[in-house]
Structures are given as C-alpha cells and as structure tokens.
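I opened the model to look up strand pairing, helix packing and charged contacts. My entries follow in the order in which I checked them.

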Amino acid sequence: MKVSIIVPVYNVENYLAKCLDSLVNQTFQDVEILVVNDGSKDNSEKVIEEYAQKYPEKIKAFTKENGGLSDARNFGIDKSTGDYIGFVDSDDYVTETMFEEMLLLAEKHQAKMVICNIQKVDEKGRIVQKLTQIPNMDEKIQLDRNFSIFSDISYFACNKLFKKELFHQRRFKKGVHFEDIQLIPQLLLECDTIAQTQNFHYQYLERSDSITKTHTEKGLDMLKAVADVENVFSGSQYSKKKKELKNFQIFEGVYSFLAYLAFVKDEKKFYNMSDQLTLFMKQRQIKIQDILLYSRFGKNYLLSLPLKKKIFYLLFFAGQKKLIRKLI
C-alpha cells in the first residue's frame, strides 16, 4: 500500500460513517484504512464491522482497550504497511481528492511532509471558518530557506501526510494532552523539504453535541511539549536557528497556553498555571517586548487577535491577573 490512513475511534457512532465514506471513496485507491476502536462504549464497533465487511480490501479493523488518542494512533502506526501515513479523526471527514493530491506533491517534491488547509464545518456541512495553514508561500518549501514556518504553522496531525520513515524512532507521547504539539515539530525537524496545497481538504466538524471541555492543569502539558521539542531541536540540523526556536516558544508556549488559560475557571488552578507560565518565560529569557513584537507569517500576531483576546493577553503581560479573573 502507498498510503496508510489511521482513524482512532472512541464513541463516535453518529459521525463515523461519514468519516469512513470520505475515506473509502478517495480518488486514490492504493490505500489502507486502519480503523482503531479504542475501547468505545457505544455502537462504534458495529459501524466499523459493517464497513470492514463491505470494504475488506481497504479497511483493516482493530479493537483495543481504551488508551487514549496517542495510544490508538501509535497502534495504527505499528500496524501500517504504507509508504506514507495520514491521520483522520473519526468525527471529521475529508475531500475525495485529499490523499491523491497530497501523495502527488510528496513524490513530486520529494517531501517527507505535506500540508493542506482546514475548514471548520457544522453538522449540515456549512463552512464555519477557513483555516489557511501556510499563506503566501510556494507549493515546495525548502526549510533551510524558509525556516520561519517552524514557529508559524499549526501543528495538527490530521491535515498532513507523512513519510512513514519519520516515525522510525518517534511516536505520539501517551497519557498527555497536546500530543500533536509535542511530536509534529520533532518530525518537521527531520525534513529538508515539505510541500503544501492551498486546497481545504480537511473538514473539521464542530459538533453540536460536544460537551464544553474542562480546562484544567492538564494545560501545563503544553509547556512540557514545548520543552520536549526544545531538547530535540538542540540536536537537529536547525539547531543554530535560535530566533525561530524563540518564536516557537512564544507562539506555542505563551500565546497558545494563554488561549487555554483563558478558560480555566478554577481560581487556584488559574494562578498556579499562570505562575508556571511566568517561570517558563523567565527560564527562556522571553521578554514582554519579544511577545508583543512576535510576527506570524509576517504580521504582528497580537494586533491580529480579536479584541477580547487582545485585552486578556495585555492584562496578563501587565501582571493584572486579578483583572483577568474578572474578565473570565
């Protein structure tokens, strides 16, 4: 098989069929679809069995005890036989040409990673938001000349195609949140060239029945993920690109962390996490000026934010945590 598509499944009986339909109907046929039931308690297993029986040449079905998203993805990697690997979350779906185009780009440019755009959709298929991943850059991106993308791109696993060799010694970290931030930058550091398409192939479903996530001290895993990337960065071929590393620390370790912190309702946890962020910044000598001047894809990031987020961040940088609590 050329492409292995890994689909971790956990309690998504109402959405799984649409996901699998989008995969079995890919215009590129040389694929295997590894559907990993991660201990679902609903009727997801029944849906998987139906599709495995209907498409035995494409779908490989597995059932395992619940171990979380990382564990299910790693299970799929271990079972995969393709030259390339893609990940699709089981409540999302993709366009029928996604893997054909991304494989063509990978082979055309000898790229170990290919990226496509994402659009958020509601349950009726209406577009809620378009998320352009790498604006104003060519189809082929040589990292030694364009390493700014290390700190600019979003590190989703699901909108990318990876050469399987990238996973030779690396796996998703189990038992943590923000596993994509922890692993995908490490894989990027193994690449000389990546490729991209401006097509919005990946359809991220905003579910009406989703329960608001509880924001807890698990958010600190984001800072730990950045630290793991730093360790790999220091031994990589890009180790001298200190500016891009600092920008990565600012985007993923400060701005993204604050976006999570804004929804932490428990006051004690909020103050503890904000203290941990302050320590994170101090240890890396990240100054307020560095944060305020941080640019993403050539534009000042803070100025591009919605007003409420902008106020939240400015209050934090000014040390006005009590005012932040009122804002929350």
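I looked up M113 first: its bridge partner in β11 is I194. Strand β6 (residues 113–115) and strand β11 (residues 193–196) run parallel and are joined by 3 bridges. I take two strands as paired if DSSP finds at least two bridges between them. Helices (H or I, at least four residues) and strands (E, at least two) are DSSP runs, numbered from the N terminus.

For the record, this is a predicted model, in which local features need pLDDT of at least 70, side-chain atom pairs count only at pLDDT 80 or more, and totals for chains, interfaces and linings use all residues. Residues are numbered from 1 along each chain as its sequence is written, and side-chain values use heavy atoms, with hydrogens and water left out.

Next I traced the sheet. I found an open sheet of 8 strands with mixed pairing, in the order β3-β2-β1-β4-β10-β6-β11-β9. The edges are β3 (59–64) and β9 (140–142); each has a single partner strand, so one side of each is left without a neighbour in the sheet. From one strand to the next the twist averages 20°.

I then checked what covers β3. Helix α2 (residues 44–54) lies across β1 (3–9), β2 (31–38) and β3, and runs at about 155° to β3. Axes here are lines fitted to C-alpha atoms, for helices over the stretch in contact, and angles run from 0 to 180 degrees between N-to-C directions. Contact means heavy atoms within 4.5 Å.

I turned to helix pairs. The axes of α8 (residues 242–261) and α9 (residues 267–283) come within 11 Å and cross at roughly 170°. That makes α8 roughly antiparallel to α9 (the term applies to angles over 145 degrees, and roughly parallel to those under 35). Among the residues in contact, I noted F257 and L261 in α8, and F270 and F280 in α9.

The axes of α6 (residues 179–188) and α7 (residues 221–233) come within 8 Å and cross at roughly 20°. That makes α6 roughly parallel to α7. I181, Q182, P185 and Q186 in α6 meet M222, A225, D228, V229 and V232 in α7.

Last, I looked up salt bridges (a side-chain nitrogen of Lys or Arg within 4 Å of a carboxyl oxygen of Asp or Glu). The structure holds 22. One of them joins the side chains of D83 and K2, at 3.9 Å, N to O. This pair links distant parts of the chain, 81 residues apart: D83 is in the loop between α3 (69–79) and β4 (84–87), and K2 in the segment before β1.

Methods
Angles under 35 degrees count as roughly parallel, over 145 as roughly antiparallel, 65 to 115 as roughly perpendicular and the rest as oblique.
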